[in-house]
Amino acid sequence: MLVILSAGIAPGLALLSYFYLKDYYETEPVSVVVKTFLFGAFLVFPIMFIQYVIEAEQLVPNGFVSAFFVSSLLEEFFKWFILIYVIYQHISFDEPYDGIVYGAAVSLGFATAENILYLIANGVEFAIGRALLPVSSHALFGVIMGYYLGKGKFGKDQTKLFLFFAFLLPFVLHGIYDYILTNQSQWLYWMLPFMIFLWWLGLRKVKLARILSDIHARERLNTTLNMKL
């Protein structure tokens, strides 16, 4: 059991540490990041229950609906909901890049709990594959969600549009991911280029968020200097 727990937790913590350590301005309080991670982990249980009921009642007409609405819609909406109502107005969310940290935290909390349950049920031999696909994809969905939350909170206009994008893009990307994984017989040939694209997009959002945080820091510094003058 200890091996399974270690294998289930390690990928999520490694990825979260990576995104966390890229926060150069006023690193986020560990307690708030951990709380966000745990919120994501606790989401697994109600979402799994809802998904179980939907499947037991045979309410899913096809693979497309299952991928986009039973899986992607439920998971990305609840993660987005947690970020909007728990983190978005939090005093610690004080620069654009912070959205990346909290988006990754809630997504990796969810992915880690899901990963542990999967490995308990199916065995530790699936740990590497789970780390490369579900855990990393959830991390990147969270990064993209967090980027648009940061852009929405600290941008000068179109806040509602960016908050909508924070849900829409992860929802679409997650739906594509699940559809490839569950509905394509040669799924690996589709998944490889999709994951390369997803990593490229996620890391690009990290870079853009860093630029936005640099701009935000300069503006705060200029404001402080002007107030002293």
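Helices α3 (63-87) and α4 (98-122) each supply at least two residues of the lining of the largest cavity. Helices here are DSSP runs of H or I of at least four residues, numbered from the N terminus. The model is predicted, so local features need pLDDT of at least 70 and side-chain atom pairs count only at pLDDT 80 or more, while totals for chains, interfaces and linings use all residues. Residues are numbered from 1 along each chain as its sequence is written, and side-chain values use heavy atoms, with hydrogens and water left out.

A cavity is a set of points, on a 1 Å grid over the protein atoms alone, where a 1.4 Å probe fits but cannot get out; a pocket is an open set with protein on both sides within 12 Å along at least five of seven lines; lining residues have an atom within 4 Å of a point. Grid points are joined across faces, edges and corners, and a volume is the space filled by probe spheres set on the points. The largest cavity has a volume of about 30 Å³. Its lining consists of L83, I87, Y88, F93, D98, G99, Y102, G103 and L149. Helix α4 gives the largest share, four residues. Six of the lining residues are nonpolar, two polar and one charged. In this scheme Ala, Val, Leu, Ile, Met, Phe, Trp, Tyr, Cys and Pro count as nonpolar, Asp, Glu, Lys and Arg as charged, and the others, Gly among them, as polar.

The largest pocket holds about 800 Å³ of space. It is lined by 29 residues, of which S71, E75, E114, R130 and D178 are the closest to its centre. Two or more lining residues come from each of α2 (30-56), α3, α4, α5 (127-154) and α6 (159-183). By class, the lining divides into 16 nonpolar, eight polar and five charged residues.

The second largest pocket has a volume of about 230 Å³. P96, G150, K151, F154, G155, K156, D157, F162, L212, I215, H216 and E219 form its lining. Here α5 and α7 (187-228) are the elements that give two or more residues. The largest share, four residues, comes from α7. Five of the lining residues are nonpolar, three polar and four charged.

Helix α5 has 28 residues and reaches 38 Å from its first C-alpha to its last, close to the 40 Å expected at 1.5 Å a residue. The expected span is 1.5 Å times one less than the number of residues. Helix α5 bends by about 30° at S136. The bend at a residue is the angle between axes fitted to the seven residues ending there and the seven starting there. Helix α5 is mostly covered, with 21 of its 28 residues buried. Buried means under 20% relative accessible area, exposed over 50%, and partly exposed in between (1.4 Å probe, protein chains only).

Helix α6 has 25 residues and spans 36 Å between its first and last C-alpha, close to the 36 Å expected. A kink of about 25° in α6 is centred on F165. Among the buried residues of α6 are F162 and D178.

V101 lies in α4. This residue is buried, with a relative accessible area of 0%. Not counting residues up to four places away in sequence, V101 touches L16, F19, Y20, D23, E28 and V33; contact means heavy atoms within 4.5 Å. The C-alpha atoms of V101 and A217 are separated by 17 Å, and the two residues are 116 residues apart along the chain.
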